[in-house]
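Trainee: I am new to this structure and would like to learn how to read it. Could you walk me through a few features?

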Amino acid sequence: MHAYRKILVAASLGISLFAPTLADASGTDYPLTLDNCGHLLTVTGPPQRAVSVGQASTELLLSLGLGSRIVGTGVWFGPLPEALQTANANLPRLADNSPSFESVIGTRPDIVVAQYTYDIGATGHVARPEQLHALGVASYVSPSDCEGKATTAATNADGERHRLYSLGLVDREIAELGAVFDVNPAADRLRADLHRRVDNAVANGQASPQVPLSVLYWFSSSRLAGDPWVAGKYGAPELISQILGLRNVIDSAEEWPSVGWESIAERDPDVIVLASMQRRRYDADDVQAKLEFLRNDPVTRHLKAVRNNRLIVVDAQNLNPSMNVVDGIEQVSAGLRASAARQ
Amino acid sequence: MIAWQRMLWLGAPLSLALVIALAASIGEMQVPLAITFKVMLNGAGLGSYEIDALQQGVIRDYRLSRAMAAAACGAGLALCGAVLQALLRNALAEPYVLGISAGASTGAVLVMLLGVGGGALGLPLGAFLGGALAFALVLLLAGGRAGGAQVILAGVAGSQLFNAMTAWVVSTTANAEQARSVMFWLLGSLGGVRWPDVYLLMAVVGIGWLLFLACARILDAFVFGEDAAASLGVPVVAVRVALFSLTALITATLVSVVGAIGFVGLVVPHMSRFMVGPSHRSLLWATGLLGAHFMVLADVVSRVIVPGQVLPIGVVTALAGAPAFAVILYRRRRTV
């Protein structure tokens, strides 16, 4: 392992040690007040009825063993991971996409947990936090989507980050939700488990090449041969790159900037990571279509990553900021190992 | 014809070729001019130079195809604008005023977000059908023998209707990321253009151009009003329907490949009229050539103005077109 990666991994572990101590062994002291995405969140006791808006939030609540307290869900991307499916076959679903304000309120929740500020935020598609608070409903938005990140008129709809996404934000969200729901031991176990998995992925990663491999993360494209949406330099994919010692060829602060293939050809990445997803809105959503394009396009078929078949398929949700990024680290690490074995 | 005009006719196709060559040599990837030249010689069958496959691909299959498509789109949109302005005797007429782009967007959105057509209907075909349908609807709204003003008003109403339908579908089914892609579609992009698209565009625009030229005299007559045209023995209704359909077909095809690109159809005919006068024989030639120049250059600007990123071309055409239009308006005000 390179020295700088050791430091990085140590840093990510360090953050977990300094993660907010919101509870002692006896459990959360209510009332609990947290600063969440620019709003103060106050809970007077463990919430019993939670609406989760965003699949990552739903998965996090399930991982903390809170399935029985979920009274509504929305913003789904695909099926739940197998580990979470069995225990919770029938989650109440308010909408596949953003649920309406009234359908959320109609479940009489005492907290709404959201993945995106797009849904619960200043221009909230579901509600602004104040609207919920006025009705006595608490709201918690993933720090992954507001700390160091903003979506403004000057950015595209996926927003822009001004500092690198970190595992610290994942740790913080788990610890905070653990405290809010008074399930602190479960939160501690989950965090320890994630860090153990990251360490394993790093230890089993690529057979360290002398120069770090360069990488491109391709999510999808509005037209198959058109300018693709690729990962910028601060998002969750960059965290994967840093932990595994890869170098992103894209230098944009936007979360998923749209970049021309000529610019990508100019930077000729060693590895291309492709997002696979259930969604079928654009031709390029299908990972097979992406692979076929890369192998047949008159330019991309000459790229190093394509010629050397260093194309790694990763679940799309593992490239977006949430605890799933740990699955992303594992998948990319395994992909690098497999392609190194082929060389 | 005075001498400098003759020079212009000879020079214009040549300068278009030069502008396309320029477009093929400019881009994010640094390629020496000599290599660009060799790639073009290879492509024209005039050479067999050994060239790095990546560079050859970028120049031949990305930039050159893109520039040719831009030229075809620019010419097509400008020609449709010139013809509609004559048919409707209205200086504001252009394809998008008549609801075609609004309809194409609705068609694209229906396919993109609702999966209308179950995958058999691709995005371009959806846009084509939507655009053609909107145009037919606008003509129907305007009534069979409508004058220029009615058709424009019908176009405004039709655009509103289709925009509302698009907004409805987008706001009920799309999340932020999907809405952005719809937005991108509306603004137009030459990013995904490859050679097969270029052949389609060039065939449609080329045939349309010839047919328009064949009708140049008739268009001259229309400028003086339908009655004047009828008194000259022009079968007014038949010609109108035929020319309207042709502009709809061309525009819908363009929109289905590159999305909606505004201002070209409006501004370029006026610029051309300013340069060569109102006679359609020369006006149609000038409009097509000028439109092609304008769009190729606009695309170059859209590719290089922000490093590492491509601006939607509609932004550039509007930014360049609006001031040009203002200048023309100002000059006309002084002469009237």
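Predicted model: local features only at pLDDT ≥ 70, side-chain atom pairs only at ≥ 80, totals over all residues.

Trainee: How does the chain cross from E7(A) to E8(A)?

Mentor: The path goes through helix H5 (residues 129-134) of chain A, making a right-handed β-α-β crossover. E7(A) and E8(A), the latter spanning residues 138-141, run parallel and are joined by four bridges.

Trainee: Which residue is the bridge partner of A:Ala50 in E7(A)?

Mentor: That is A:Ile111. A:Ala50 belongs to strand E5 (residues 50-53) of chain A, which runs parallel to E7(A) and is joined to it by four bridges.

Trainee: How should I think about the side chains of a strand?

Mentor: In a regular strand they alternate between the two faces of the sheet. In E7(A), residues 111-114, A:Ile111 and A:Val113 lie on one side, A:Val112 and A:Ala114 on the other, and all are buried. Both faces of this strand are therefore covered, as the buried residues on each side show.

Trainee: Which residues touch the most other members of the largest nonpolar core?

Mentor: This core has 189 residues, and A:Val112 is one of those touching the most other members, as are B:Cys73 and B:Val296. Helix H3 (residues 53-88) of chain B gives the most to the core, 23 residues. Domain 1 (22-163) and domain 2 (204-342) of chain A both contribute, so the core lies between them.

Trainee: What is B:Cys73 in contact with, leaving aside its neighbours within four places in sequence?

Mentor: Its contacts are B:Leu201, B:Leu254, B:Val258, B:Ile261 and B:Met295.

Methods. Residues numbered from 1 in each chain as written. Chains lettered and ligands numbered in written order. Core = buried A, V, L, I, M, F, W, Y, C linked by C-beta atoms within 7 Å. Buried ≥ 20, exposed ≤ 12 C-beta atoms within 10 Å, placed from the backbone. Helix = DSSP H or I, 4+ residues; strand = E, 2+ residues; numbered from the N terminus. Domains from an automatic or database assignment. Contact = placed C-beta atoms within 7 Å. Pairing = 2+ DSSP bridges. Right-handed = clockwise from strand over helix to strand, strands pointing away.
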